[in-house]
Amino acid sequence: MMYRWHAGYVAWLLNRITGILITLYLVLHIWVVHHLAHGPREYKQVMDFLGSKVFMFFELGLIGVVLYHMMNGIRIVLADFAGVVKPQKTVFWAAMGLGVILYLLCAWELAGLFLGLTRAPAHAALTRAL
Amino acid sequence: MNGTGAANMRDRGVGSGGLLAWFFQRLTGIVLVPILLVHLLTMHRYHEHGLAWEDVTRLMANPYWKVLEITFLVLALYHALNGLYGVIQDYVKHPAWRLAIFSACALAGLTLLAFGLVTVFSIQNPDLIGAAGAVAR
């Protein structure tokens, strides 16, 4: 299934790869959130584990993957449903630009939390209570 | 048109059932965008709410949120597994294998949905049930 590398091909290929990665994450996520139903102690254990520094990189990666898939998906929907076919390359790069902006916003928030630059008062109170 | 024993295009792994899948993949994708954004802005804003158990469960106990989460689950699982099956279709042409893999995807989806529903439904609203019915600690 080899084909010449060009923007459309790479976009399609990345969409597949990100789709598969997100699917795997979804399964994991459903399992993790399931702990919510087991009460605050179990939940706090899981969340503390996931709040450790190494997971920041995974979360940053996840955000990038999801945003790519979303932006490329919007391009596809515009092409398939709204007939925006001829300017597709421009639309793709515009979507990627928007994706980068959103990514920076999310990464900013995430870094703020993980690096302890922002307070999480409610969480701290609950941690003390438990 | 004669192939090697294939009587029609279906036998060669080219079916006609792709239209709905193609359409719903895009439809679910479109609907998932706002749902995901709402999900991230509420559940994942931990530096404001601290992602404390209490905050998340307060949200989850609300039946309107439950409906939203269930919708999210159903659409996301459909989109994911339909997408996965689409990828598989590019590599697996034999109709019997396709059916087997399709069934596996459907089963996985329903199982994951059931698992997620258990989580969503197990978070109860103490105001409706009364003091004794608070979520088990």
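## A left-handed crossing

In chain B, α1(B) and α4(B) cross in a left-handed way. Keep in mind that this is a predicted model. Helix α1 covers residues 18-43 and helix α4 covers residues 63-91, and their axes come within 9 Å and cross at roughly 135°.

## Who touches whom, part one

On the α1(B) side, the contact is made by A21(B), F24(B), Q25(B), T28(B), G29(B), V31(B), L32(B), I35(B) and H39(B). From α4(B), the residues taking part include L68(B), F72(B), L75(B), Y78(B), H79(B) and N82(B). Sorted by class, the α1(B)–α4(B) contact has ten nonpolar residues, eight polar ones and no charged ones.

## The next partner: α5

Helix α4(B) also packs with helix α5 (residues 95-122) of chain B, at an angle of about 160° and with the axes 10 Å apart. Angles over 145 count as roughly antiparallel, so that is the label for α4(B) and α5(B). Here the crossing is right-handed.

## Who touches whom, part two

Among the α4(B) residues in this contact are K66(B), E69(B), L73(B), L77(B), Y78(B), L81(B) and Y85(B). They sit in a contact whose α5(B) residues include R98(B), F102(B), C105(B), G109(B), L112(B) and G116(B).

Note on methods: Residues numbered from 1 in each chain as written. Chains lettered and ligands numbered in written order. Predicted model: local features only at pLDDT ≥ 70, side-chain atom pairs only at ≥ 80, totals over all residues. Axes fitted to C-alpha atoms, helices over the stretch in contact; angles between N-to-C directions. Helix = DSSP H or I, 4+ residues; strand = E, 2+ residues; numbered from the N terminus. Left-handed = near helix turned anticlockwise from the far one by under 90°. Contact = placed C-beta atoms within 7 Å. Nonpolar A, V, L, I, M, F, W, Y, C, P; charged D, E, K, R; others polar. Parallel < 35°, antiparallel > 145°, perpendicular 65-115°, else oblique.
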